[in-house]
Amino acid sequence: MRTIDVGVVGTGWCGGIRAVTCASSPLVGDLHLAEVRPERLAEVAAETKAATATADYREFLDAVDAVIISATPETTHYPMARDCLAAGKHVLLEKPLALTLDEADELIALADAGGLKLAIGYSQRFNPKQAYVRRCVADGTLGRPVSAMVSRHITRNLGNKIGGRIKLSPAAMEATHDIDFLLWCLRPSRPVTVYAQSVCGVMSEAHGVPDCTWITITMDSGVVVVVGAGWILPPGYPNFSTTTIEFVGSEAALLIDDSHRDVVLNRMDGGVVFPMSTMPGERVDHVYAGPMADETTHFLEAVAGDTPVLVPAWQAREVMEVYQAADASAESGEPVRLTSPE
Ligand SMILES: NC(=O)c1ccc[n+]([C@@H]2O[C@H](COP(=O)([O-])OP(=O)(O)OC[C@H]3O[C@@H](n4cnc5c(N)ncnc54)[C@H](O)[C@@H]3O)[C@@H](O)[C@H]2O)c1
(Lines give C-alpha, C1' and ligand atoms only; values in the text may rest on other atoms or scores of the structure.)
Protein backbone atom coordinates (compact mmCIF):
# COMPACT_ATOMS: atom_id res chain seq x y z
CA MET A 1 0.00 0.00 0.00
CA ARG A 2 1.27 3.48 -0.81
CA THR A 3 1.96 5.99 1.94
CA ILE A 4 -0.09 9.14 2.23
CA ASP A 5 0.64 12.57 3.64
CA VAL A 6 -1.85 13.65 6.28
CA GLY A 7 -2.82 16.88 8.06
CA VAL A 8 -4.51 17.09 11.46
CA VAL A 9 -6.40 20.28 12.31
CA GLY A 10 -6.94 20.91 16.01
CA THR A 11 -4.62 18.85 18.20
CA GLY A 12 -6.61 18.98 21.45
CA TRP A 13 -7.89 15.79 23.08
CA CYS A 14 -9.16 13.91 20.00
CA GLY A 15 -6.78 15.56 17.53
CA GLY A 16 -3.88 14.59 19.77
CA ILE A 17 -4.99 10.94 19.61
CA ARG A 18 -5.45 11.17 15.84
CA ALA A 19 -2.02 12.77 15.36
CA VAL A 20 -0.16 10.25 17.53
CA THR A 21 -1.94 7.37 15.73
CA CYS A 22 -0.97 8.82 12.33
CA ALA A 23 2.63 9.28 13.47
CA SER A 24 2.95 5.62 14.37
CA SER A 25 1.26 4.37 11.18
CA PRO A 26 3.42 2.94 8.38
CA LEU A 27 0.75 4.29 6.00
CA VAL A 28 1.62 7.91 6.79
CA GLY A 29 4.55 9.63 5.09
CA ASP A 30 4.61 13.22 6.29
CA LEU A 31 2.37 14.44 9.09
CA HIS A 32 1.35 18.10 9.19
CA LEU A 33 -0.33 19.76 12.17
CA ALA A 34 -2.45 22.88 12.64
CA GLU A 35 -3.37 24.18 16.10
CA VAL A 36 -4.10 27.69 17.33
CA ARG A 37 -2.74 27.10 20.86
CA PRO A 38 1.04 27.44 20.37
CA GLU A 39 2.02 25.42 23.46
CA ARG A 40 -0.22 22.49 22.52
CA LEU A 41 1.01 22.65 18.91
CA ALA A 42 4.62 22.47 20.09
CA GLU A 43 3.84 19.57 22.45
CA VAL A 44 2.10 17.41 19.81
CA ALA A 45 4.61 18.36 17.09
CA ALA A 46 7.46 17.17 19.31
CA GLU A 47 5.65 13.93 20.20
CA THR A 48 4.79 13.11 16.58
CA LYS A 49 7.89 14.51 14.87
CA ALA A 50 5.55 16.38 12.52
CA ALA A 51 6.94 17.59 9.18
CA THR A 52 5.31 20.99 9.68
CA ALA A 53 3.36 22.69 12.48
CA THR A 54 1.32 25.83 11.90
CA ALA A 55 -1.61 27.83 13.25
CA ASP A 56 -3.29 27.91 9.82
CA TYR A 57 -4.29 24.62 8.19
CA ARG A 58 -4.55 26.27 4.77
CA GLU A 59 -0.73 26.43 4.73
CA PHE A 60 -0.40 22.64 4.40
CA LEU A 61 -3.36 21.84 2.15
CA ASP A 62 -1.24 21.60 -1.02
CA ALA A 63 1.10 19.11 0.67
CA VAL A 64 -1.39 16.49 1.93
CA ASP A 65 -3.63 13.71 0.57
CA ALA A 66 -6.03 13.70 3.51
CA VAL A 67 -7.02 15.89 6.45
CA ILE A 68 -8.39 14.92 9.86
CA ILE A 69 -10.44 17.77 11.33
CA SER A 70 -10.65 17.68 15.13
CA ALA A 71 -11.01 21.39 15.94
CA THR A 72 -13.53 22.99 18.27
CA PRO A 73 -15.85 24.83 18.57
CA GLU A 74 -18.11 22.84 16.27
CA THR A 75 -18.76 25.95 14.14
CA THR A 76 -15.32 25.25 12.62
CA HIS A 77 -16.27 21.85 11.17
CA TYR A 78 -18.21 23.00 8.11
CA PRO A 79 -15.86 25.76 6.87
CA MET A 80 -12.75 23.64 7.47
CA ALA A 81 -14.21 20.56 5.76
CA ARG A 82 -15.43 22.73 2.87
CA ASP A 83 -11.92 24.19 2.37
CA CYS A 84 -10.27 20.75 2.48
CA LEU A 85 -12.77 19.10 0.11
CA ALA A 86 -12.59 22.06 -2.27
CA ALA A 87 -8.81 21.56 -2.32
CA GLY A 88 -9.36 17.90 -3.35
CA LYS A 89 -8.44 16.30 -0.01
CA HIS A 90 -10.06 13.27 1.65
CA VAL A 91 -11.49 14.20 5.06
CA LEU A 92 -12.14 12.52 8.39
CA LEU A 93 -14.30 14.99 10.31
CA GLU A 94 -15.22 14.67 13.99
CA LYS A 95 -18.94 14.76 14.63
CA PRO A 96 -21.04 16.81 14.20
CA LEU A 97 -20.77 16.77 10.41
CA ALA A 98 -22.11 20.33 10.33
CA LEU A 99 -24.56 22.53 12.22
CA THR A 100 -27.29 22.56 9.54
CA LEU A 101 -28.58 20.06 7.00
CA ASP A 102 -27.82 22.57 4.20
CA GLU A 103 -24.16 22.68 5.26
CA ALA A 104 -24.10 18.88 5.44
CA ASP A 105 -25.58 18.63 1.93
CA GLU A 106 -22.94 21.01 0.58
CA LEU A 107 -20.10 18.96 2.08
CA ILE A 108 -21.57 15.68 0.79
CA ALA A 109 -21.98 17.19 -2.70
CA LEU A 110 -18.39 18.50 -2.67
CA ALA A 111 -17.03 15.10 -1.68
CA ASP A 112 -19.14 13.30 -4.31
CA ALA A 113 -18.12 15.74 -7.06
CA GLY A 114 -14.44 15.31 -6.22
CA GLY A 115 -14.56 11.52 -5.75
CA LEU A 116 -13.32 12.11 -2.18
CA LYS A 117 -13.85 10.21 1.04
CA LEU A 118 -15.74 12.14 3.70
CA ALA A 119 -15.84 10.05 6.88
CA ILE A 120 -17.44 11.19 10.14
CA GLY A 121 -15.98 10.38 13.55
CA TYR A 122 -18.57 8.07 15.08
CA SER A 123 -15.90 6.21 17.02
CA GLN A 124 -18.33 3.93 18.83
CA ARG A 125 -18.70 1.87 15.64
CA PHE A 126 -15.11 0.81 16.32
CA ASN A 127 -15.93 -0.29 19.86
CA PRO A 128 -15.84 -4.13 19.72
CA LYS A 129 -19.01 -4.41 21.83
CA GLN A 130 -21.01 -2.25 19.42
CA ALA A 131 -19.50 -4.08 16.44
CA TYR A 132 -20.62 -7.37 18.00
CA VAL A 133 -24.21 -6.13 18.34
CA ARG A 134 -24.22 -5.06 14.70
CA ARG A 135 -22.93 -8.46 13.63
CA CYS A 136 -25.56 -10.31 15.68
CA VAL A 137 -28.28 -8.25 14.01
CA ALA A 138 -26.80 -8.68 10.52
CA ASP A 139 -26.20 -12.44 10.71
CA GLY A 140 -29.62 -13.17 12.23
CA THR A 141 -28.41 -14.30 15.66
CA LEU A 142 -31.00 -12.05 17.32
CA GLY A 143 -33.76 -13.00 14.90
CA ARG A 144 -36.12 -10.15 14.01
CA PRO A 145 -35.09 -6.96 15.88
CA VAL A 146 -37.81 -5.88 18.32
CA SER A 147 -36.42 -3.11 20.52
CA ALA A 148 -33.16 -1.52 21.61
CA MET A 149 -31.99 0.87 24.28
CA VAL A 150 -28.74 2.74 24.81
CA SER A 151 -28.28 4.78 27.98
CA ARG A 152 -25.15 6.92 28.07
CA HIS A 153 -23.96 9.29 30.77
CA ILE A 154 -20.77 11.30 30.80
CA THR A 155 -19.08 13.26 33.52
CA ARG A 156 -20.01 16.84 34.28
CA ASN A 157 -16.41 17.86 33.50
CA LEU A 158 -17.07 16.97 29.88
CA GLY A 159 -20.56 18.46 29.92
CA ASN A 160 -19.01 21.73 31.10
CA LYS A 161 -16.21 21.52 28.50
CA ILE A 162 -18.75 21.16 25.69
CA GLY A 163 -21.30 23.59 27.15
CA GLY A 164 -18.56 26.18 27.63
CA ARG A 165 -17.78 26.33 23.92
CA ILE A 166 -21.09 25.86 22.10
CA LYS A 167 -24.83 25.64 22.78
CA LEU A 168 -25.56 22.19 21.38
CA SER A 169 -27.85 19.71 23.13
CA PRO A 170 -26.97 16.31 24.63
CA ALA A 171 -28.93 14.86 21.68
CA ALA A 172 -26.60 16.57 19.17
CA MET A 173 -23.35 16.01 21.04
CA GLU A 174 -23.77 12.75 22.90
CA ALA A 175 -26.86 10.72 21.95
CA THR A 176 -25.64 11.27 18.39
CA HIS A 177 -23.16 8.38 18.81
CA ASP A 178 -25.87 5.98 19.93
CA ILE A 179 -28.40 7.10 17.32
CA ASP A 180 -25.71 6.45 14.71
CA PHE A 181 -25.00 3.03 16.22
CA LEU A 182 -28.66 1.97 16.27
CA LEU A 183 -29.41 3.25 12.74
CA TRP A 184 -26.29 1.39 11.56
CA CYS A 185 -27.53 -1.84 13.17
CA LEU A 186 -31.05 -1.52 11.77
CA ARG A 187 -30.29 -0.27 8.23
CA PRO A 188 -31.98 -0.46 5.66
CA SER A 189 -34.88 0.20 8.04
CA ARG A 190 -35.34 3.94 8.48
CA PRO A 191 -36.48 6.16 11.37
CA VAL A 192 -39.98 7.60 10.92
CA THR A 193 -41.03 9.17 14.24
CA VAL A 194 -39.00 10.80 17.00
CA TYR A 195 -40.31 11.75 20.45
CA ALA A 196 -38.00 13.25 23.08
CA GLN A 197 -38.11 14.77 26.54
CA SER A 198 -35.34 16.79 28.19
CA VAL A 199 -34.67 17.73 31.78
CA CYS A 200 -33.21 21.16 32.53
CA GLY A 201 -31.37 22.04 35.73
CA VAL A 202 -27.63 22.02 36.33
CA MET A 203 -26.53 22.61 32.75
CA SER A 204 -29.28 25.06 31.90
CA GLU A 205 -28.16 27.39 34.64
CA ALA A 206 -24.52 27.13 33.57
CA HIS A 207 -24.76 26.86 29.78
CA GLY A 208 -28.40 27.08 28.65
CA VAL A 209 -28.60 23.41 27.61
CA PRO A 210 -30.51 20.43 29.09
CA ASP A 211 -28.97 18.00 31.60
CA CYS A 212 -30.25 15.01 29.65
CA THR A 213 -32.51 14.03 26.77
CA TRP A 214 -34.38 10.74 26.35
CA ILE A 215 -35.35 9.94 22.78
CA THR A 216 -37.79 7.34 21.45
CA ILE A 217 -37.38 6.52 17.76
CA THR A 218 -39.85 4.39 15.81
CA MET A 219 -38.44 2.72 12.70
CA ASP A 220 -40.45 2.01 9.53
CA SER A 221 -40.12 -1.70 10.40
CA GLY A 222 -42.02 -1.06 13.66
CA VAL A 223 -38.90 -1.54 15.82
CA VAL A 224 -38.72 0.96 18.70
CA VAL A 225 -35.38 2.22 20.02
CA VAL A 226 -34.66 4.48 22.98
CA VAL A 227 -31.53 6.56 23.46
CA GLY A 228 -30.86 8.39 26.70
CA ALA A 229 -27.97 10.81 27.05
CA GLY A 230 -26.94 12.89 30.03
CA TRP A 231 -23.83 14.86 30.95
CA ILE A 232 -24.00 15.74 34.63
CA LEU A 233 -22.37 12.75 36.38
CA PRO A 234 -20.12 13.82 39.25
CA PRO A 235 -16.48 13.59 38.24
CA GLY A 236 -15.22 10.02 38.63
CA TYR A 237 -12.41 10.59 36.21
CA PRO A 238 -11.83 13.59 33.93
CA ASN A 239 -13.47 12.05 30.85
CA PHE A 240 -15.64 9.30 32.35
CA SER A 241 -18.39 7.79 30.15
CA THR A 242 -20.74 4.93 31.05
CA THR A 243 -23.07 3.05 28.70
CA THR A 244 -25.69 0.32 29.04
CA ILE A 245 -27.06 -1.38 25.92
CA GLU A 246 -30.04 -3.72 25.55
CA PHE A 247 -30.80 -5.12 22.10
CA VAL A 248 -33.78 -7.49 22.02
CA GLY A 249 -34.74 -9.65 19.07
CA SER A 250 -37.32 -12.37 18.42
CA GLU A 251 -34.74 -15.15 18.95
CA ALA A 252 -32.16 -13.69 21.36
CA ALA A 253 -31.29 -10.65 23.43
CA LEU A 254 -27.98 -8.91 23.97
CA LEU A 255 -27.39 -7.14 27.28
CA ILE A 256 -24.16 -5.17 27.24
CA ASP A 257 -22.32 -3.49 30.06
CA ASP A 258 -20.00 -0.80 28.73
CA SER A 259 -20.04 1.06 32.04
CA HIS A 260 -16.26 0.94 32.52
CA ARG A 261 -16.72 -0.23 36.13
CA ASP A 262 -14.34 -3.09 35.45
CA VAL A 263 -11.26 -0.98 36.24
CA VAL A 264 -11.51 0.90 39.53
CA LEU A 265 -8.69 2.88 41.07
CA ASN A 266 -9.27 3.54 44.78
CA ARG A 267 -6.85 6.11 46.17
CA MET A 268 -6.07 7.49 49.61
CA ASP A 269 -6.19 10.99 48.08
CA GLY A 270 -9.33 11.30 45.96
CA GLY A 271 -11.20 8.03 46.53
CA VAL A 272 -12.63 5.92 43.73
CA VAL A 273 -12.08 6.87 40.09
CA PHE A 274 -12.59 4.99 36.84
CA PRO A 275 -9.50 5.15 34.62
CA MET A 276 -9.76 3.75 31.08
CA SER A 277 -13.33 5.06 30.88
CA THR A 278 -13.24 7.62 28.08
CA MET A 279 -15.31 7.41 24.89
CA PRO A 280 -12.41 7.75 22.40
CA GLY A 281 -10.15 5.62 24.58
CA GLU A 282 -6.60 6.18 25.70
CA ARG A 283 -3.07 4.95 25.20
CA VAL A 284 -1.72 2.74 27.98
CA ASP A 285 2.00 2.59 27.26
CA HIS A 286 2.34 0.15 24.34
CA VAL A 287 -1.40 -0.50 23.80
CA TYR A 288 -4.44 1.59 23.00
CA ALA A 289 -7.63 0.97 25.01
CA GLY A 290 -10.63 2.27 23.08
CA PRO A 291 -11.97 2.84 19.59
CA MET A 292 -10.44 6.08 18.28
CA ALA A 293 -7.02 4.77 17.27
CA ASP A 294 -8.61 1.94 15.24
CA GLU A 295 -11.02 4.41 13.67
CA THR A 296 -8.09 6.62 12.62
CA THR A 297 -6.19 3.66 11.16
CA HIS A 298 -9.32 2.57 9.26
CA PHE A 299 -9.51 6.01 7.63
CA LEU A 300 -5.81 5.94 6.69
CA GLU A 301 -6.28 2.47 5.14
CA ALA A 302 -9.38 3.61 3.24
CA VAL A 303 -7.48 6.54 1.71
CA ALA A 304 -4.25 4.65 0.99
CA GLY A 305 -6.03 1.58 -0.41
CA ASP A 306 -9.01 3.42 -1.93
CA THR A 307 -11.56 1.35 -0.02
CA PRO A 308 -14.92 2.54 1.41
CA VAL A 309 -15.10 4.26 4.79
CA LEU A 310 -17.29 2.69 7.50
CA VAL A 311 -19.08 5.95 8.33
CA PRO A 312 -19.90 7.85 5.13
CA ALA A 313 -21.22 11.39 5.58
CA TRP A 314 -24.68 10.58 4.20
CA GLN A 315 -25.24 8.28 7.16
CA ALA A 316 -24.16 11.05 9.56
CA ARG A 317 -26.69 13.31 7.82
CA GLU A 318 -29.46 10.82 8.71
CA VAL A 319 -28.28 10.92 12.32
CA MET A 320 -28.39 14.71 12.22
CA GLU A 321 -32.02 14.61 11.04
CA VAL A 322 -32.90 12.42 14.01
CA TYR A 323 -31.17 14.48 16.71
CA GLN A 324 -32.54 17.71 15.27
CA ALA A 325 -36.00 16.11 15.40
CA ALA A 326 -35.29 15.07 19.01
CA ASP A 327 -34.41 18.65 19.94
CA ALA A 328 -37.55 19.92 18.21
CA SER A 329 -39.70 17.30 19.96
CA ALA A 330 -38.23 18.06 23.39
CA GLU A 331 -38.95 21.75 22.76
CA SER A 332 -42.55 21.30 21.57
CA GLY A 333 -43.52 18.24 23.61
CA GLU A 334 -44.89 16.65 20.43
CA PRO A 335 -43.58 13.71 18.37
CA VAL A 336 -41.85 14.70 15.13
CA ARG A 337 -42.48 12.73 11.97
CA LEU A 338 -39.47 12.56 9.65
CA THR A 339 -40.03 13.09 5.95
CA SER A 340 -39.37 9.99 3.89
CA PRO A 341 -36.52 9.97 1.37
CA GLU A 342 -37.40 10.82 -2.27
N1 LIG B 1 -15.53 10.38 18.76
C2 LIG B 1 -15.45 10.64 20.06
O3 LIG B 1 -15.46 9.75 20.89
C4 LIG B 1 -15.31 12.08 20.46
C5 LIG B 1 -14.99 12.38 21.80
C6 LIG B 1 -14.83 13.72 22.15
C7 LIG B 1 -15.01 14.71 21.22
N8 LIG B 1 -15.35 14.39 19.94
C9 LIG B 1 -15.52 15.44 18.91
O10 LIG B 1 -14.21 15.82 18.52
C11 LIG B 1 -14.10 17.22 18.38
C12 LIG B 1 -12.89 17.69 19.19
O13 LIG B 1 -13.15 17.50 20.57
P14 LIG B 1 -11.98 17.65 21.64
O15 LIG B 1 -12.54 17.22 22.93
O16 LIG B 1 -10.74 17.05 21.11
O17 LIG B 1 -11.81 19.24 21.64
P18 LIG B 1 -10.57 20.09 22.20
O19 LIG B 1 -11.17 21.41 22.53
O20 LIG B 1 -9.82 19.33 23.22
O21 LIG B 1 -9.61 20.25 20.94
C22 LIG B 1 -9.94 21.09 19.86
C23 LIG B 1 -8.68 21.83 19.46
O24 LIG B 1 -8.95 22.62 18.28
C25 LIG B 1 -8.12 23.77 18.37
N26 LIG B 1 -8.55 24.77 17.40
C27 LIG B 1 -9.57 25.66 17.50
N28 LIG B 1 -9.65 26.43 16.38
C29 LIG B 1 -8.66 26.00 15.56
C30 LIG B 1 -8.22 26.39 14.25
N31 LIG B 1 -8.82 27.40 13.59
N32 LIG B 1 -7.17 25.74 13.70
C33 LIG B 1 -6.55 24.74 14.39
N34 LIG B 1 -6.91 24.32 15.62
C35 LIG B 1 -7.97 24.94 16.20
C36 LIG B 1 -8.25 24.17 19.83
O37 LIG B 1 -7.21 25.05 20.21
C38 LIG B 1 -8.19 22.82 20.52
O39 LIG B 1 -6.88 22.47 20.91
C40 LIG B 1 -15.41 17.83 18.88
O41 LIG B 1 -16.08 18.46 17.82
C42 LIG B 1 -16.22 16.69 19.44
O43 LIG B 1 -17.56 16.71 19.01
C44 LIG B 1 -15.47 13.09 19.54
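**Close-up views of a predicted model**

In strand β9, Ile-215 is the bridge partner of Ala-196, and this pair opens a set of legends to close-up views of a model that is predicted.

View 1. Seven strands make up an open sheet with mixed pairing, and their order is β12-β11-β7-β10-β9-β8-β17. At the edges stand β12 (253-258) and β17, each with a single partner strand, so that one side of each is left without a neighbour in the sheet. Helix α7, which covers residues 170-186, packs on this sheet and touches β7, β8, β9 and β10, its direction making about 150° with that of β10. Helix α10, for its part, lies across β8, β9 and β17, and runs at about 50° to β8.

**View 2. Strand β8 between its two partners.** Strand β8 (residues 191-199) is paired with strand β9 (residues 212-219) in the antiparallel sense, and eight bridges connect the two. With strand β17 (residues 336-337), β8 pairs over two bridges, again in the antiparallel sense.

**View 3. Strand β7 and its parallel and antiparallel neighbours.** Strand β7 (residues 145-155) and strand β11 (residues 241-249) run antiparallel and are joined by nine bridges; here Met-149 stands opposite Glu-246 of β11. Towards β10, by contrast, β7 runs parallel, and eight bridges join this pair, with Ser-151 placed opposite Gly-228 of β10. In a regular strand, the side chains alternate between the two faces of the sheet.

View 4. Val-225 belongs to strand β10, which spans residues 224-233. Is Val-225 buried or exposed? Because 23 other C-beta atoms lie within 10 Å, Val-225 is buried, the cut-off for this class being 20 or more. When residues up to four places away in sequence are not counted, Val-225 touches Ser-147, Ala-148, Met-149, Leu-182 and Ile-217. Pro-210 is 15 residues from Val-225 along the chain, and the C-alpha atoms of the two are separated by 21 Å.

**View 5. The surroundings of Leu-265.** Leu-265 is found in strand β13, which consists of residues 265-267. Leu-265 counts as partly exposed because 13 C-beta neighbours lie inside 10 Å, and that count falls between the limits of 12 or fewer for exposed and 20 or more for buried. Once neighbours within four places in sequence are left aside, Leu-265 is in contact with Val-273 and Pro-275. The C-alpha atoms of Leu-265 and Tyr-237 are 9.8 Å apart, and the two residues are separated by 28 residues along the chain.

**View 6. The packing of helix α4 with helix α10.** Two packed helices are described by the angle between their axes and the distance between the axes. For helix α4 (residues 101-114) and helix α10 (residues 313-332), the angle is about 170° and the axes are 10 Å apart. The two helices are therefore roughly antiparallel to each other, given that angles over 145 degrees fall in this class. From α4, the residues Leu-101, Ala-104, Leu-107, Ile-108 and Ala-111 meet Ala-313, Trp-314, Arg-317, Met-320 and Glu-321 of α10. By class, the residues of this contact comprise eight nonpolar, no polar and two charged.

**View 7. The six-stranded parallel sheet.** Six strands, in the order β3-β2-β1-β4-β5-β6, form an open sheet in which the pairing is parallel. Since β3 (52-54) and β6 (118-121) stand at the edges and each has a single partner strand, one side of each is left without a neighbour in the sheet. On average, and with direction ignored, neighbouring strands of this sheet are turned by 15° against each other. Strand β2 (residues 28-34) and β3 run parallel and are joined by three bridges, and the bridge partner of Leu-33 in β3 is Ala-53.

**View 8. The shell around the ligand.** Among the 24 residues around the ligand, those that come nearest are Gly-10, Gly-12, Trp-13, Cys-14 and Glu-94. Helix α1 (residues 13-23) gives the most to this shell, with three residues. Divided by class, the shell holds nine nonpolar, nine polar and six charged residues.

Notes. Residues are numbered from 1 along each chain as its sequence is written. This is a predicted model: local features need pLDDT of at least 70, side-chain atom pairs count only at pLDDT 80 or more; totals for chains, interfaces and linings use all residues. A residue is near a molecule or strand if its C-beta atom, placed from the backbone, lies within 6 Å of it. Helices (H or I, at least four residues) and strands (E, at least two) are DSSP runs, numbered from the N terminus. Ala, Val, Leu, Ile, Met, Phe, Trp, Tyr, Cys and Pro count as nonpolar, Asp, Glu, Lys and Arg as charged, and the others, Gly among them, as polar. Axes are lines fitted to C-alpha atoms, for helices over the stretch in contact, and angles run from 0 to 180 degrees between N-to-C directions. Angles under 35 degrees count as roughly parallel, over 145 as roughly antiparallel, 65 to 115 as roughly perpendicular and the rest as oblique. Two residues are in contact if their C-beta atoms, placed from the backbone, lie within 7 Å. Two strands pair if DSSP finds at least two bridges between them.
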